[in-house]
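Hello,

Here is the structure I promised to pass on to you. Please open it alongside this message, and my notes follow just below.

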Amino acid sequence: MRRLNFIVIFILIIFSFSCVDEYYPDVEKYENLLVVDGLVTNGSESVVIRLYNSSPVNNPEIIPHTNAEIYLTNENQFLIPLYEADDGIYKTEDESFRAEIGESYQLHITTDKGKKYISDICKMNSPSPIDSIYGVKENTGTTENSLNFPGVQFYIENHSESADTSYYIWRLDQTYKYKSTFDIDYTWEGVFIPNPDATALRTCWISNVTNDLLVASTEDLEPNTISKFPLNFVSTNTKEMSIRYSLLVKQLSITEKAYRFYEAIAEQNKDQGNMWSKQPIQILGNIRNINDENDPVLGYFIVAGTTEKRIFINRPNIPFYYDECPPDFEGMRFIQFEPQELWPIYIDDIMFLGWARAHSRYCFDCTLSGGETTPPDFWVEQ
């Protein structure tokens, strides 16, 4: 599995995808350039094009590019307009629109400064089926998992109906159920107040996109299949698999040019750390200024047939090492001296042990870790 480091503003396009020329300009020229992150598929997602301005190498930040005019055309020159739904985020006016397999599309952008950009004309490949996604208990040492905690490594297997070489990028959305350490039986707000729903903030669900750049091809493989390709590793030093975990895999069948583009990015990000390293920003994608060939554009516009598959897995029978909050029984003696700005102070009535507080509200309120107390629509229990 190849991990994409967060390098300069190029993090903004690690999940954009398509139809690659290399360019080696001065680094100083890479300030305030247009960055395009675009994806058109036949899948469940509506078309979203994200525009940003690049930032200085020594001060990376996300700068949305606003007030642009954007539309798509297909091979019949049918115009598909987009509108700015949020700063720098453009969506099709008809959000039910989905691209068609075998059809070609082109992206057109006009900035608020009057600059005009177009992408290559990109044809949508037929998607390949996902045969299986599964997890295997492993001890996997990675940068993030340097202490070699056990966990679950996920793999994918697929095949193509075509005899031609297939090229893929995978995007991963993970969702997991977790709990805070304590119930909230009482709160202290100058007096002890019973809580009518002690478990209301105990259980949460959180979803996020993983930061892995996953690309592969079936070059030199017979048959035309991907077997046991590693996706993400989930360690037991987090709560991600502490109760129930779900992984949604979006498999994009891309062109060879798109594959070469992302393969080059992955290779360059393995060679960082000194002033002679090649910079990822030197690799340009498939978008150009139609009036100025010296105006480089960062990012990529991809058109790809998409297959999706979701799996669920319950807590595996292996040791877990995530931290739990210790109960603070002694602190209850001094709760009346706590300043008002700390109210409410949460308290758990622990069976047979007594009332306890904790060092942080995170120990009681799962939403403070980014989750929501309502499960997503797709969630199913065992």
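The protein chain exposes about 19100 Å², and carbon and sulfur atoms supply 48% of that area. Do bear in mind that this is a predicted model. Buried residues account for 50% of the 382 residues in the chain. As for secondary structure, the chain has one helix and 22 strands.

Start with Y90, which lies in strand β6 (residues 89–92). Y90 has a relative accessibility of 1%, so it counts as buried. Its side chain reaches two backbone atoms: the oxygen of H65 at 2.9 Å and the nitrogen of A68 at 3.1 Å.

At 4% relative accessibility, S180 counts as buried because the cut-off is under 20%. The side chain of S180 reaches the backbone oxygen of F364 at 3.0 Å. Beyond its neighbours within four places in sequence, S180 is in contact with several residues, including L201, R202, K239, Y362 and C366.

- R202, one of the contacts of S180, forms a salt bridge with D183, with the closest N and O atoms 2.8 Å apart. This pair links distant parts of the chain, 19 residues apart: R202 is in the loop between β14 (192–194) and β15 (203–209), and D183 is in the loop between β12 and β13. D183 has 19% relative accessibility and so counts as buried.
- R260 and E263 meet through their side chains in a salt bridge at 3.4 Å, N to O. They are three residues apart in helix α1 (residues 256–268), so about one helical turn separates them. R260 counts as partly exposed, at 30% relative accessibility. Both belong to a network of salt bridges that links E219, E256, R260 and E263.
- E330 and R333 also meet in a salt bridge, at 2.4 Å from N to O. E330 is partly exposed at 44% relative accessibility, while R333 is exposed, with a relative accessible area of 57%.

Best wishes

Conventions: Residues numbered from 1 in each chain as written. Predicted model: local features only at pLDDT ≥ 70, side-chain atom pairs only at ≥ 80, totals over all residues. Heavy atoms only, no water. Helix = DSSP H or I, 4+ residues; strand = E, 2+ residues; numbered from the N terminus. Buried < 20%, exposed > 50% of the residue type's maximum accessible area, 1.4 Å probe, protein only. Areas by Shrake-Rupley, 256 points an atom, 1.4 Å probe, with all protein chains shown as cover. Polar contact = N/O pair within 3.5 Å; in protein donor to acceptor, adjacent residues only side chain to side chain. Contact = heavy atoms within 4.5 Å. Salt bridge = Lys/Arg side-chain N within 4 Å of Asp/Glu carboxyl O.
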